[in-house]
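These are my notebook entries on a single protein chain. I set down what I looked up, entry by entry.

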Amino acid sequence: MEAIARLNNVPTSPRKMRLVADLVRGKRVGQALSILKFTPNHGAIKLEKLLLSAVANWQAKNPDAKLEEADLYIKTIFVDGGRMLKRLRPAPQGRAHRIRKRSNHVTLVVDAFNIGVTADEVETTEKSN
């Protein structure tokens, strides 16, 4: 059972946030938290809080399951562009240059790692490849 957490209008450019999101994509939750804790980028702080929120959402959906036994991992994480604040900056000879202050939206999906793989699942993945 997967759980979703979203973060809207983060005042960081999507390109900078994608660099941090690529570090943790597909990793287990414990490993991802340690990576985000020691990453110096500003977006890592926001993603760490978002990951903790996704884990809390998963616990709310599965109250009888234990977090340690679930073996959660980051199923998907993607960063979309958000609203853009447009400002003007003075330029030489009476001109003005446009400054775009970008923001982004982050969506993170956490799922339990399924250790027991059935033969049907193996056949469907082999057929698709």
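**Entry 1. Overall layout**

I note at the outset that this is a predicted model. I looked up the secondary structure and found five helices and three strands in the chain. Read from the N terminus, the elements follow the order β-α-α-α-α-β-β-α. I then looked up burial: of the 129 residues in the chain, 29% are buried. For the contacts with a separation of 6 or more, I recorded that 70% join residues 24 or more positions apart.

**Entry 2. Helix α1 against helix α2**

I turned to the helices, recalling that two packed helices are described by the angle between their axes and the distance between the axes. The axes of α1 and α2 come within 9 Å and cross at roughly 145°. I recorded this crossing as right-handed. Which residues meet here, from α1 and from α2? On the α1 side I found Val20, Leu23 and Val24, and on the α2 side Ala32, Ile35 and Leu36. By class, this contact has six nonpolar residues, with no polar and no charged ones.

**Entry 3. Helix α1 against helix α3**

I next looked up α1 with α3, which is made up of residues 42–61. Their axes come within 9 Å and cross at roughly 55°, so α1 is oblique to α3. The crossing of α1 and α3 is right-handed. From α1, the residues Met17, Val20 and Ala21 take part, and they meet Gly43, Ala44, Lys46 and Leu47 of α3. By class, I noted five nonpolar, one polar and one charged residues in the contact of α1 with α3.

**Entry 4. Salt bridges**

Side chains of opposite charge can pair when their charged atoms come close. How many salt bridges does the count come to? I recorded four salt bridges.

Among them is the pair of aspartate 22 and arginine 25, whose closest N and O atoms are 2.5 Å apart. Aspartate 22 is partly exposed, at a relative accessible area of 46%. Arginine 25 is likewise partly exposed, at 39%.

I then looked up aspartate 71, whose side chain meets that of arginine 28 in a salt bridge of 2.5 Å, N to O. Why does this pair tie together parts that are 43 residues apart in sequence? The reason is position: aspartate 71 lies in the loop between α4 (67–70) and β2 (72–90), whereas arginine 28 lies in the loop between α1 (14–24) and α2 (29–37). Aspartate 71 has a relative accessible area of 26% and is partly exposed. Arginine 28, at 36%, is partly exposed.

A further entry concerns aspartate 111 and lysine 75, which form a salt bridge with the closest N and O atoms 3.7 Å apart. Aspartate 111 lies in strand β3 (residues 96–112) and lysine 75 in strand β2, so the pair ties together parts 36 residues apart in sequence.

**Entry 5. Threonine 12**

I looked up threonine 12 and placed it in the loop between β1 (3–10) and α1. Is threonine 12 buried or exposed? Its relative accessible area is 9%, so threonine 12 is buried. With neighbours within four places in sequence left aside, threonine 12 is in contact with Met17, His42, Arg102, Ser103 and Asn104.

**Entry 6. Threonine 107**

Threonine 107 counts as buried because its relative accessibility is 10%, and the cut-off for buried is under 20%. Where are its contacts, with neighbours within four places in sequence left aside? I found Ile4, Ala5, Arg6, Thr76, Ile77 and Phe78 in contact with threonine 107. I also looked up leucine 51: threonine 107 and leucine 51 are 56 residues apart in sequence, and 9.9 Å apart in space from C-alpha to C-alpha.

Terms used:
Residues numbered from 1 in each chain as written. Predicted model: local features only at pLDDT ≥ 70, side-chain atom pairs only at ≥ 80, totals over all residues. Heavy atoms only, no water. Buried < 20%, exposed > 50% of the residue type's maximum accessible area, 1.4 Å probe, protein only. Helix = DSSP H or I, 4+ residues; strand = E, 2+ residues; numbered from the N terminus. Axes fitted to C-alpha atoms, helices over the stretch in contact; angles between N-to-C directions. Parallel < 35°, antiparallel > 145°, perpendicular 65-115°, else oblique. Left-handed = near helix turned anticlockwise from the far one by under 90°. Contact = heavy atoms within 4.5 Å. Nonpolar A, V, L, I, M, F, W, Y, C, P; charged D, E, K, R; others polar.
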